[in-house]
Amino acid sequence: MVKKKVPLRKCIVTNEMKPKKELIRVVRNKEGEIFVDATGKQNGRGAYLSKDKSVIEKARDKDILSSQFKEKVDPKIYEQLLEFIEGVQK
């Protein structure tokens with residue numbers, strides 16, 4: 001039996017390699033819109049964050065997504081990430 005390869009991605013806050021399903025993807029598309037990608041399949045430049053409240057708060061405090069996408073990220077994105085995590089943990 002051949003085991004299926006698990007895709008790994010790096011969290012931009014902790015720099016840990018984790019399976020893609022354990023991370024949340026934030027995307028900037030060609031139009032410059034930045035949004036949370038719940039499916040993980042939207043077109044555009046993606047950045048991955050661990051599904052952990054402390055990681056999201058650290059990213060918000062240091063504004064890591066802005067440096068990752070090289071443009072100012074709306075603070076509402078961090079709120080959406082926190083809401084997404086709370087929805088997953090329930």
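1. The side chains of Arg60 and Glu79 meet in a salt bridge, with N to O at 3.2 Å (a side-chain nitrogen of Lys or Arg within 4 Å of a carboxyl oxygen of Asp or Glu). Arg60 lies in helix α1 and Glu79 in helix α3, so this pair ties together parts that are 19 residues apart in sequence. Helices (H or I, at least four residues) and strands (E, at least two) are DSSP runs, numbered from the N terminus.

2. A note on the basis: this is a predicted model, where local features need pLDDT of at least 70, side-chain atom pairs count only at pLDDT 80 or more, and totals for chains, interfaces and linings use all residues. Residues are numbered from 1 along each chain as its sequence is written, and side-chain values use heavy atoms, with hydrogens and water left out.

3. The structure holds five salt bridges. Among them, Asp63 pairs with Lys72, their closest N and O atoms being 2.9 Å apart, and Lys18 pairs with Glu16 at 3.9 Å.

4. Do have a look at the open sheet: three strands run in the order β4-β3-β5 with antiparallel pairing (strands pair if DSSP finds at least two bridges between them). The edge strands are β4 (34-37) and β5 (45-50). Strand β3 (residues 23-28) pairs with β5 over six bridges, and Val26 stands opposite Ala47 in β5.

5. Leu81 touches Ile24, Val26, Val36, Leu49, Ile56 and Leu65, not counting residues up to four places away in sequence; contact means heavy atoms within 4.5 Å.
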